[in-house]
Amino acid sequence: MAIANTSLYEPLIESTASALAVRLGLFEDNLVLNCEEIGDGNLNLVFHITDPKSGKGVILKQALPYAKVIGESWPLTLDRARIESSALVKQAELAPGLVPEVYYTDQTLAITVMEDLSHLQIARKALMDRKKLPLLAEHIGTFLARTLFYTSDFALKPHVKKRLVKQFTNPDLCKITEDFVFTDPFFDFESNDFEPELREAAEKLWEDTHVKLEVAKLKRKFLTEAEALLHGDLHTGSIFVSETETKVIDPEFAFFGPIGFDPGQFIANLLLNALSREEQDQDFIFEAIEKAWNTFEVEFSAAWKKDSLERFSEVEGYLEHTLEQIFEDTIGFAGCEVIRRTIGLAHVADLDTIEPYSRRIESKIQALELGKKLIKNRLNINEPGQLKRFFRHAI
Ligand code: ADP
Ligand code: MG
Ligand code: MG
Ligand code: MG
């Protein structure tokens, strides 16, 4: 059987992926392994390799040198595999137990071999199935506080931080976010994708100069504020869950950006799920948002008090100011995410599977209203408890 040659990049296939796992010593070499490619094949290959006898498995993720978006091939650096594995290692150090363990990484092949989380379920799916996830909010609040505080200037010496910023420079993946989250959905661009019934609401958005001015400010923050090491793609499809465990995967978009971006994406994806629910089932979502934010605040404040290196951190009001600013950004970024998941290139199943079709359209129009409200009113929303009211006003 051909074994991947690690001196050259080549996309793996099921046989070469399992041969590589054996060569890496992850399985004994006399075993008959199962290997299945389980990714969606757009950006990356994901191989699930298992020993059917012991049930032991590993995941091997390999970056492809292009992304199939807008129907044509879009070159995308393999360097994102290095970013992903380095981010997973850093996050494991800062937020132990909340990311998969990395077993092996190879920059030439653009692979990360990691812990098999197949016993868990993707949070988006679990939320769509109306599962109770008692620890999701607390775990994500902790993940955010620890990974964001401890990679910021509050916790790192300036030279160390700037070295990390350089290590996590990720222009190709940032460009995807700059275009598809911040720019395209706010203009009548080809890349947008929505039902004809939404055209009127989309055109209203494109003519709303107040919203566009606020999105311009948020985009500028994303482009220029190297505040902390973000996950960069923290939607509910990047989180594995059960009743007892939470693991964040897929940090290939990681880079140093504004802290509010990660909590904003997470909260937006919870709100998108809430839009797909009947009113009586929505409380779990609002409680989860509150719990996640409160945990973030408590843990961020505790880390600040314990480990801040910043001389000004003891100045009265500075911590409170910082948290207020992060919350304001979070709400604004959440608004952008809600809008781009509704009319932009990449949709969410929560909205796209709403039945009947008329209700789906209605929910998407509500999503656009909600997104605009969040962006425009982010200075007046001071705590997550107010989100429910804004949500009800949009619907
Ligand atoms: P992409 O960057 O292409 O979105 P992801 O890292 O999100 O790739 O993985 C795609 C899918 O592969 C996930 O939704 C999940 O089903 C599966 N997967 C990824 N990592 C693991 C893992 N560690 N354990 C089990 N399944 C995984
Ligand atoms: Mg990804
Ligand atoms: Mg993914
Ligand atoms: Mg305020």
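Colleague: How should I read burial for aspartate 250: does the residue count as buried or exposed?

Modeller: Burial is a count of neighbours: a residue is buried if 20 or more other C-beta atoms, placed from the backbone, lie within 10 Å of its own, exposed if 12 or fewer, and partly exposed in between. Aspartate 250 counts as buried because it has 24 C-beta neighbours inside 10 Å. Please keep in mind that this is a predicted model, in which local features need pLDDT of at least 70 and side-chain atom pairs count only at pLDDT 80 or more, while totals for chains, interfaces and linings use all residues. Residues are numbered from 1 along each chain as its sequence is written, and chains are lettered from A and ligands numbered from 1 in the order in which they are written.

Colleague: Where is aspartate 250 found, and which residues does it touch?

Modeller: Aspartate 250 sits in the loop between β11 (246-248) and β12 (255-257); strands (E, at least two residues) and helices (H or I, at least four) are DSSP runs, numbered from the N terminus. Contact is read as two C-beta atoms, placed from the backbone, lying within 7 Å, and aspartate 250 touches Asp233 and Ser238 when residues up to four places away in sequence are not counted. Glutamate 252 is found in that loop between β11 and β12 as well, and it counts as buried because it has 27 C-beta neighbours inside 10 Å. With residues up to four places away left out, glutamate 252 touches Arg80, Ile83, Glu84 and Leu173.

Colleague: How many residues surround ligand 1, and which are the closest?

Modeller: A residue belongs near a molecule if its C-beta atom, placed from the backbone, lies within 6 Å of it. Ligand 1 is surrounded by 18 residues, the closest being Asn44, Val46, Ile59, Leu117 and Asp250. At least two residues of this shell come from each of β2 (44-50), β3 (57-63) and β7 (111-115). Sorted by class, with Ala, Val, Leu, Ile, Met, Phe, Trp, Tyr, Cys and Pro as nonpolar, Asp, Glu, Lys and Arg as charged, and the others, Gly among them, as polar, the shell holds nine nonpolar, four polar and five charged residues.

Colleague: Which residues does the UniProt annotation "binding site" cover?

Modeller: Such annotations may be inferred rather than shown by experiment; their positions are given in the numbering used here, and feature names are shortened. The unreviewed UniProt entry places Asn44, Lys61, Glu115, Asp116, Leu117, Asp250, Pro251 and Glu252 under "binding site".

Colleague: Which domains does the assignment give, and how many residues does each bring to the contact?

Modeller: Domain bounds come from an automatic or database assignment, which here gives domain 1 (14-115) and domain 2 (121-394). The contact takes 17 residues from domain 1 and 21 residues from domain 2, and helix α2 (residues 79-94) supplies nine residues, the largest share of the side of domain 1 that touches domain 2. That side of domain 1 has 11 nonpolar, three polar and three charged residues. The shell around ligand 1 draws at least three residues from each domain.

Colleague: What should I look for in the backbone angles?

Modeller: Most residues other than glycine have a negative phi, and most peptide bonds are trans. Alanine 110, in the loop between β6 (102-106) and β7, has a positive phi near 60°. A cis peptide bond joins glutamate 355 and proline 356, with omega about -5°.
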